[in-house]
Amino acid sequence: MEEQEILTTLKILIIGESGVGKSSLLLRFTEDTFDPEQAATIGVDFKVKTLTVDGNKTKLAIWDTAGQERFRTLTPSYYRGAQGVILVYDVCSKQSFNKLDAWLNELETFSTKHDMVKMLVGNKIDRPNHEVTKDEGLKFARKHHMLFIEASAKTNDGVQCAFEELVEKIIQTPGLWETSGKNLTLGSKGGEPGAGQGCYCVV
Amino acid sequence: MSSMEGGDRDKKLVSPKISSNVDDEADVFEITDFTTASDWECFIARLEEILHEWKLVNHEPREPALKDQYASGTWAERTEEVVFVDFRFHFSYLYLKGNDEVTPKSTNSKREDVEESDDHKTPTVFFDLMNLENDFPMRAHYLCRWYGLQEFFTLMPVSEKQYIDSESRAKLLLSSSSIAFANCNCSIPVFIQLHQKWRKLFTGTCLVPGASIEFEMSHLRKFPPQFCHLAGLLDVFKSKLGCVYISMPPVSVSVRFTYILKDWFHSAWPQMPPDFSSISDGEVGYGDLDFLPFGACTDPISELHLSCTWPCLSEDMIVENSLYSDLDPLQAPQWNVKLQMTDDPQCLLGEFLKDFLKLCDRIESTDEVLKKVLVDTDGDKHSAEITHALQKLTEPVPALSSLPSLGNVVSSASSRIKFKPNEAPIPDILMDRILLYLFPDAKIPRSQSGLKSPSSKSARKESNVSLTSGSLTSSVSEHTIDEDKKAETEKISDILTDLSKQLKSAPVDSLTHRLSLALCNVNHNFGGLLGVAHLWQEFILEMRFRWENKHLICGIEKGTPNMGSCLLHQKLQMLNCCIECKIKRESAGYGYGPDSQNIHNQLPESDVVDASSPKAMKRLSKAASSLGYSDDDEEEEEFFECDDDDEAGPETKVDDATNVKDDDSVEGRAENAFSSDSSSLSCKSDVNDKRKELKNTSRNSSMSSSIFHDSLSHRPEGRMVPMKNVYLLNSGEQLYIPITQEPSPMTEDMLEEQAEVLAKLGTSAEGSQIRARMQSACLVSDMESFKAANPGCILEDFVRWYSPRDYVVEGETNLDNENDLDGESPEADQKGPNVFKRGHLSQRMQIPGNMWVEAWQSARAVPARRQKRLFDDTKEAEKVLHYLASMKPAEVVLHLMPCVVHAAVAKLVEEAAQASVPNLKNIVEPLIARAAKVTRNFPFDKKKYSELLRLIEIAEVFTARTVSLRSKFTSDHLTSPEQEGKETEIENFVTALLNLGEVLVKGGACGPAGAIIHKMFIASQRANNMILDDEDNEEDSVSGKPNQESKKNSMQTLQASSEIRSSSSCSDFPAASTREYILRAMVPRPAPYSKVLPQRMYCILADGESRLAGAFISDTTFQ
């Protein structure tokens, strides 16, 4: 492929309950593989992939987060400056769907770009016994101004498409990514005490 | 008068060619030899080329301009450079835009009216010269003002030094352009600049079918007195027209006199110079240091220009000569007012802030700045030793480790910096005040004490509470404004809240905020850079003192650093976290080393307890007495956490905690009793454990009836709360959620750094592995706490608490195990391990050697408080202190700029609201948006801040203008019964005056605004003529009036004006500073039988500049 200037670097988050397949989605997208023995993420993980959408070459820095309750004191620190978020639930788990509101709340609190693009992904559609219908997913997405897609990391359904849609939407949102990168832009909600939670010091 | 008469002669040489038809011209140019083309021809060719380029060939006449369109419409300009030999010119086309947009219909109908024949339309220039709608436009190009043209060309020398000073050159240019324009059939006037640029002296020409126009001008410092009035000018005009005929139609005259009001007799500029001296002498209130000066030093409005216009009079109706004048400004039908603003009114706030920002250019470090005035450390050794000795007696053992890099200045944290006598940049007494302002909890002035500790410390503590309330009231008072305008107040508070949200600064009245203001003040009033360095050094000392002596920093809110505030504020918050942590750690002295002890708090809010609160007092009182303290403390905390679980839970001390209970009896109790009792039980057992220091012994009596199926490896420790209906898989014991370590607070730069480190590990599998390992510290810590709290537990138990979806209960098909905190599991009402449904770990947790298993295996049973601290408060505090100490004054200034800007904008909003500046929101909102953008930028950019300050200054000037103008127009001296009920009209007038250039005074002299202006002029006149007698001397004016008025009846209805007049021995108005006349007539030129054509002459008579600008049209057909 010809050398093309990278238009921008985008920060993408993947969040959702534990075990819904966040890391698998990411692995499918970045390496096009599926590992049934994907270990549970600890803290946050990080992958990079360049993606060309509409002739715009973008570099994606994708932050994969642990879904466990306890890690939520740690992971939101990495929400800062993200331009896009992929919110994942498991179509076979009503509970993972029910927790979406809490995740959105958290996002609202900790993200710094209020016009960030949000995408809802219902994962594991390859499995039988769905507990969440596509319609429910659609309704939720509509209510919260999100993109929506059902996908399966295992059978590679909708994964690529989800990321591409998200990036395209970000690129189309003016002011969201132009100043991306260097600046430490922080939440305009200055007032709330504890708005910026800390995280474990690990080094 | 300089004359251009010679033009006629030259023109005649040229005009035959022009007037000849196209065929003739073709003959002439048929045998042109281009090799010998002269410069002159080249020049003409170039002009023609440009005209073609601009598509002005065969230019259609434009519509006459609408009323006031010259001032309100937009003007456009196109420019090309042309060369005549080596003389460079700018050839420009200026035109009024948008005139073409007049609807075609109306254009057509109009055109029919004026068209003289089908192929001969009236040229634009004719309309323009006679257009009465745009006399004296408010703002327009001077040529437009003088000649009333809506389009014209100018030919001006490029260089300042080269100019056309000989008449022959002027004529040459004039004829060249005439030829070019005639060739292009372009009937737009062209002007050629003569003499120096500043003289604005032009000569011009225009060729229209059947006529040619000469634009002539004379420019003198002063005209001879016989021409300095209307009568004289009429003579000039008529003689120029060559009209000796009796039948000459009357000349139409438009006149405008402008009067300047310079002395504001009634309202001197009200700005009081700020009184900075109050800080250094007299009693001090906190208010002095956060005082921001505001307003302009000089009156931002210097002059008021009143223009009285008499549009379109007939020459017979008006008389003005050297002895007598009909032109009384009070009778003028139209009044316009314009303000002349002071160029640079020296705004206090702007200067103040700019001064502060200037420090950014200094590169010295704080130490370097202070070195000059610091005493040699040896010099004053004796007294220093004494103070040190005293400190050593009274202070707790200082600093675990003071950073060597901070140097000896800081090492004695609580001692003052020693300056040479009388050379301290900030005198002691002032420094005390500043420090008291910054740290209101330190009641004892530092200067009194080499031995400050016990008393000052207690004072600090006592005032901790009062501080919060005090800061509240002061912040409220800061916002109080005129009570009359409640809505206004609300609006302001809205803006201020918005400001706090938008800007990345620090809360109003926080320490950071105060520090920024104090430094600003110090910089401006006490020693500039030196003073700033001094105060900053003191500030660092205080920070270190507080860290070492465990005093929380007041004025910095608790909790983890707020990323919405500026970095410096976050750093101070961080330091406060460290101090808080240190207090807990050291006051909870179990006998373990400070590092092994870590008190945790699950609910940060519950910990927001001042040292003076009863609970803390209890804590402190018990601190001295051995073990009991920590037990109670522990217990209280336990209760605190438990309150969450049991709704009613009062904070009572459970004395029967040692009662023997078994699980069944616990189970049997009501829910709330269950949780509180069992937790107290567990903690009591903790206590006992500790006392006996056992690791592997049998259960003590308090836990006696619990049946443990598996062998215990240790006593349970660090339990927080039982997890409802969840039991250990192996033992069947209640599963307890352990007390865990709190996440470390982080500032945004730390976060950034950490994210960078994680990202740098790359995307490889190994990278992920290392990343996970790096972040597993908290996982391991939690596992250790869990193991300590739940003896005999296995990984499955941990996973059920930590990641419930990874424990698959048998019989359920998916990961969804509802057996979590919600307690909805089917086993809810069943007891004991026997009936507990078994499950297994999810597939991913079973991967051999995965991180979770690995961590579980490596985790020992250690309660959180004995674990290695995840948050090293000592290290972090030293990092912050080092960060502060290594800042140069320039950096300090930049770091504080967001707070300074915040305070400045808040001040501006208040002042502007007080002055009821019109469109306050429109002014402030963009300013806030801009400030938000700049303050969020990191690293700080000095240039952006100085731009921001410039914007603030502009708004300040505007506010000062409003204040000034309003005070002028609402001064008490001016009120009179007639003004009643007209306040709104005056208000509107003032608003318009502020926002627009020139404003029409409604009702002229009779209107409410007009009356006020009149009074101002009278007052100014009296003051200037030193008339003390206030008695009105009406007779003179009344006697002279009736006949004047009878003459003017036809044009005005200002009967009332005579009442307002209070003329006395001097006139109400000063001599007009500028007098402008436009004379127009329709006269046949050059011969009596020629066509009747428009003629116009403009004249301006002002101090030091008098100018005649005439446009005379002559018929080229019938001469």
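Helices (H or I, at least four residues) and strands (E, at least two) are DSSP runs, numbered from the N terminus. The model is predicted, so local features need pLDDT of at least 70 and side-chain atom pairs count only at pLDDT 80 or more, while totals for chains, interfaces and linings use all residues. Residues are numbered from 1 along each chain as its sequence is written, chains are lettered from A and ligands numbered from 1 in the order in which they are written, and side-chain values use heavy atoms, with hydrogens and water left out.

In chain A, six strands form an open sheet in the order S2-S3-S1-S4-S5-S6, with mixed pairing; two strands pair if DSSP finds at least two bridges between them. Strands S2 (44-53) and S6 of chain A are the edge strands, each pairing on one side only. From one strand to the next, the twist averages 25 degrees. Axes are lines fitted to C-alpha atoms, for helices over the stretch in contact, and angles run from 0 to 180 degrees between N-to-C directions. S2(A) pairs with strand S3 (residues 56-65) of chain A in the antiparallel sense, over 10 bridges. Within chain A, A:Lys47 stands opposite A:Ile62 in S3(A).

Helix H5 (residues 159-172) of chain A lies across strand S1 (8-16), S2, S3, strand S4 (84-90), strand S5 (117-123) and S6 of chain A. The helix H5 of chain A runs at about 170 degrees to S5(A).

A:Glu150 is placed in strand S6 (residues 147-150) of chain A. Is A:Glu150 buried or exposed? A:Glu150 is buried, where buried means under 20% relative accessible area, exposed over 50%, and partly exposed in between (1.4 Å probe, protein chains only). A:Glu150 has no salt bridge, a term for a side-chain nitrogen of Lys or Arg within 4 Å of a carboxyl oxygen of Asp or Glu. The nearest side chain of opposite charge to A:Glu150 is A:Lys134, 5.0 Å away; Lys and Arg count as positive and Asp and Glu as negative, while His and the chain ends are not counted. Not counting residues up to four places away in sequence, A:Glu150 touches several residues, among them A:Tyr89, A:Val91, A:Ile125, A:Lys134 and A:Asp157. Contact means heavy atoms within 4.5 Å.

A:His145 is found in the loop between helix H4 (134-143) and S6 of chain A. The phi of A:His145 is near 55 degrees, a positive value in a residue other than glycine. With a relative accessibility of 71%, A:His145 counts as exposed. In chain B, B:Asn185 also has a positive phi, of about 55 degrees, although it is not a glycine. B:Asn185 is found in the loop between helix H8 (167-183) and strand S4 (190-194) of chain B, and counts as partly exposed at 44% relative accessibility.

Chain B contains 37 helices and 17 strands. Of the 1119 residues in chain B, 53% are buried. Among contacts in chain B between residues at least 6 apart in sequence, 75% join residues at least 24 apart. Chain B exposes about 49,500 Å², and carbon and sulfur atoms supply 54% of it; accessible areas come from the Shrake-Rupley method with a 1.4 Å probe, and for residues, only the protein chains shown count as cover.

Why is strand S7 (residues 252-261) of chain B largely enclosed by the rest of the structure? Nine of the 10 residues of S7(B) are buried, so the strand is largely enclosed. S7(B) pairs in the antiparallel sense with strand S8 (residues 301-314) of chain B over nine bridges, and B:Arg256 has B:Thr309 in S8(B) as its bridge partner. S7(B) also pairs in the antiparallel sense with strand S15 (residues 1074-1084) of chain B, over seven bridges. In S15(B), B:Tyr1077 stands opposite B:Val255.

Over all chains, a search of the whole structure finds 37 salt bridges. One joins B:Glu49 and B:Arg46, with the closest N and O atoms 2.5 Å apart. Both residues, B:Glu49 and B:Arg46, lie in helix H3 (residues 39-53) of chain B, three residues apart, about one turn of the helix. B:Glu49 is partly exposed, with a relative accessible area of 42%, and B:Arg46 is partly exposed at 24%. Another salt bridge links the side chains of B:Asp806 and B:Arg844 (2.8 Å, N to O). B:Asp806 lies in the loop between helix H27 (795-802) and strand S12 (807-809) of chain B, and B:Arg844 in helix H28 (residues 843-846) of chain B, so the pair ties together parts that are 38 residues apart in sequence. Both B:Asp806 and B:Arg844 are buried.
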